[in-house]
Amino acid sequence: MNKSLLTNLIAGIVFLVSYFYPSFFGKTAIVHASLFALSGALTNWVAIHMLFEKIPGFYGSGIITLRFKQFKEGIRSLIMENFFTEENFAKVTQETLPHTIKPELVMDQIDFDKVFAGLVSTVKKSTFGGMLDMFGGKNALEPLREPFKAEMEKQVTDIITNIDIASVLQKETDFDSFRSKIDTMVNARLNELSPQHVKKIVEEMIRSHLGWLVVWGGVFGALIGFFSALLL
């Protein structure tokens with residue numbers, strides 16, 4: 001049994017019992033307190049019901065479904081302006097993207113023999129090409145292959161180890177383009193929502209908490225009724 005129904009039942013039962021019960025000390029105060037409690041709880045319960053459901057003849061009832069476009073826009077703003085900000089994007093990027101890459105994963109993809117061959121080709125095409133031919137051509141550079149490969153591996157390893165991969169990827173990412181794509185996706189999903197879907201989303205979030213409005217309406221109503229009886 002939910003809080004709203006229980007509060008109304010208690011207030012209603014106390015009122016009926018005290019009203020029809022033979023005269024006793026404090027009857028007037030209890031009758032007033034229970035009647036005001038029922039009035040406060042019932043009024044708040046009806047107001048909450050009208051918030052979600054359209055009641056013919058009651059202007060403004062069913063406000064959630066009537067204003068579902070504004071609620072969808074509110075949901076969109078909540079998502080885009082609070083989650084997909086440039087600051088949060090940078091933070092998430094830094095936290096989720098790898099900051100380093102294991103050098104061996106890159107080394108396996110590099111053919112240093114091709115790199116050396118490229119170096120030799122470059123030298124031969126340069127002004128040093130003629131001089132190189134005087135000393136045996138490209139074969140004269142062959143003893144340099146292994147020392148070259150070792151030095152290149154060392155240099156590439158140092159470069160990879162000291163690069164913050166996340167920062168590089170972040171700089172290469174266009175945040176505005178990213179946010180625009182996310183905004184399009186969010187809008188597409190929200191456009192699929194009907195008034196009933198929006199009502200259900202909002203109702204699931206707040207109805208359980210709104211039940212306390214009925215409880216406190218009954219409590220304050222009872223206090224007002226009790227003190228009004230004392231003043232009469």
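**View 1. Arg 76 sits in helix H4.** This is a predicted model, where local features need pLDDT of at least 70, side-chain atom pairs count only at pLDDT 80 or more, and totals for chains, interfaces and linings use all residues. Residues are numbered from 1 along each chain as its sequence is written, and side-chain values use heavy atoms, with hydrogens and water left out. Helices are DSSP runs (H or I, at least four residues), numbered from the N terminus. Is Arg 76 buried or exposed? Arg 76 is buried, because its relative accessible area is 17% and buried means under 20% (exposed is over 50%, partly exposed in between; 1.4 Å probe, protein chains only). Leaving aside neighbours within four places in sequence, Arg 76 is in contact with Asp 183, Val 186, Asn 187 and Leu 190. Contact means heavy atoms within 4.5 Å. Arg 76 and Arg 189 lie 113 residues apart in sequence, yet their C-alpha atoms are 9.9 Å apart in space.

**View 2. Seven residues make up the largest nonpolar core.** They are Phe 68, Met 80, Ile 182, Val 186, Leu 190, Leu 193 and Val 198. H11 gives the largest share, three residues. A nonpolar core is a set of buried Ala, Val, Leu, Ile, Met, Phe, Trp, Tyr and Cys residues joined through side-chain atoms within 4.5 Å. In soluble globular proteins, nonpolar side chains tend to be buried together.

**View 3. Phe 68 has its own set of partners.** Its neighbours within four places in sequence aside, Phe 68 is in contact with Leu 193, Ser 194, Pro 195 and Val 198. A second, separate core holds six residues, including Phe 52, Ile 64, Leu 210 and Val 214.

**View 4. Thr 7 is found in helix H1 (residues 3–20).** Thr 7 is buried, with a relative accessible area of 16%. Which residues is Thr 7 in contact with, leaving aside its neighbours within four places in sequence? The answer is Ala 41, Val 214, Val 215 and Gly 218.

**View 5. Helix H2 has 26 residues.** At 1.5 Å a residue, H2 should span 38 Å, and its end C-alpha atoms are 38 Å apart, which agrees. The expected span is 1.5 Å times one less than the number of residues. Buried residues in H2 include Lys 27, Ala 29, Val 31, Gly 40 and Phe 52.

**View 6. A nonpolar patch lies on the surface.** Among its members are Leu 35, Phe 36, Trp 212, Trp 216, Phe 220 and Leu 230. Together the patch residues have about 1,100 Å² of accessible area, found by the Shrake-Rupley method with a 1.4 Å probe; for residues, only the protein chains shown count as cover. Patches are made of residues with over 30% relative accessible area and no salt bridge; like charges are joined within 9 Å, nonpolar side chains (Val, Leu, Ile, Met, Phe, Trp, Tyr) within 5 Å. A salt bridge is a side-chain nitrogen of Lys or Arg within 4 Å of a carboxyl oxygen of Asp or Glu. Helix H2 (27–52) and helix H12 (195–231) each supply at least two patch residues. H12 gives the most, with nine. Leu 230 is found in H12. Leu 230 is exposed, with a relative accessible area of 53%.
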